[in-house]
Every structure is written in structure tokens, then in C-alpha cells.
Amino acid sequence: MTTSKRLRRNMARVEFFACMETVESMLRQGFSRQLIYERLKEEGHISMAYVTFCKLIAKAAQNDLRVTTLRPTSNLISPPAPKPPAPRPSQPNLIKARPDALQDPRTIDPTTVF
């Protein structure tokens, strides 16, 4: 079994972005993920594991791959502003029972209470 040097953090994603158009065109042509992976690996375009390659394809299909930019673009939609929290009452509402209105539960007629 050959051991390869582990990729630095997010380098697999960088490799995937570099050959993303090739992957998309090969998927449209009907190639399987395994064949695409093997071809890119043989050509030296990627060095990531097959599992990582499959995860990146799944993320790309769901549009979960985020690309950070240094300059904000004007065509991006800004996220909606968070709603302000609901005002909290200064004191909790306490309900106090009047001692003269309390009845003994053993002597209450249920038809009069409900």
C-alpha cells in the first residue's frame, strides 16, 4: 500500500476548483465519478482522496462551496437584516389568587367550575 503525503487544509478544494469545468463537462457527457477521478489523478490535476472528491462534487451540486473574495461585489445580494428581539416586559405578570375566592377542591361542584 502506498502512502501519500497529506494535503494541506483546503488544498483539495483548491484543486477541485481548478478542474471544476472539466468535471462538470465530463459529468454531462455521462462519465462516472470514479472514471473522472482516475483520469484527473493520472493527469496530475488532483492528488486528493476519492472520498474527498465525491464530497466536493456533492457540495458543488448543492451550491455549498463558498468562495471568499477580498473585494465585495455589488451584484451579490446582502443577507436580510436580523429582526430585533421582541421587547421583554420589565416585570413578569404574576397572578395572585385571592384567599377569599379559594375553595376546597373536595367540596367543589365540577359543573359550576367549568
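Helix α2 (residues 20-29) and α3 pack at an angle of about 140°, and their axes lie 10 Å apart. That makes α2 oblique to α3. This is a predicted model, in which local features need pLDDT of at least 70, side-chain atom pairs count only at pLDDT 80 or more, and totals for chains, interfaces and linings use all residues. Residues are numbered from 1 along each chain as its sequence is written, and side-chain values use heavy atoms, with hydrogens and water left out.

**Terms for the helices**
- Two packed helices are described by the angle between their axes and the distance between the axes.
- Helices (H or I, at least four residues) are DSSP runs, numbered from the N terminus.
- Axes are lines fitted to C-alpha atoms, for helices over the stretch in contact, and angles run from 0 to 180 degrees between N-to-C directions.
- Angles under 35 degrees count as roughly parallel, over 145 as roughly antiparallel, 65 to 115 as roughly perpendicular and the rest as oblique.
- A crossing is right-handed if the near helix is turned clockwise from the far one by less than a right angle, and left-handed if anticlockwise.

**α2 and α3**
- α2 passes α3 in a right-handed crossing.
- From α2, Thr22, Val23, Met26 and Leu27 meet Arg33, Ile36, Arg39 and Leu40 of α3; contact means heavy atoms within 4.5 Å.
- This contact has 5 nonpolar, 1 polar and 2 charged residues.
- Ala, Val, Leu, Ile, Met, Phe, Trp, Tyr, Cys and Pro count as nonpolar, Asp, Glu, Lys and Arg as charged, and the others, Gly among them, as polar.

**α3 and α4**
- Helix α3 (residues 33-43) packs with helix α4 (residues 50-61) at about 120°, with their axes 11 Å apart.
- That makes α3 oblique to α4.
- The crossing of α3 and α4 is right-handed.
- Arg33, Gln34, Ile36, Tyr37 and Leu40 of α3 touch Tyr50, Phe53, Cys54 and Ile57 of α4.
- By class, that contact has 7 nonpolar, 1 polar and 1 charged.

**α1 and α4**
- α1 and α4 pack at about 65°, with axes 10 Å apart.
- Their crossing is right-handed.
- Ala12, Arg13 and Phe16 of α1 make the contact with Thr52, Phe53, Leu56, Ile57 and Ala60 of α4.

**The largest pocket**
- A pocket is an open set of points on a 1 Å grid over the protein atoms alone, where a 1.4 Å probe fits, with protein on both sides within 12 Å along at least five of seven lines; lining residues have an atom within 4 Å of a point.
- The lining has 20 residues, and Leu7, Arg8, Asn10, Ala12 and Thr52 lie nearest the pocket's centre.
- α1 (11-18) and α4 are the elements that give two or more residues to this lining.
- α4 gives the most, with 4 residues.
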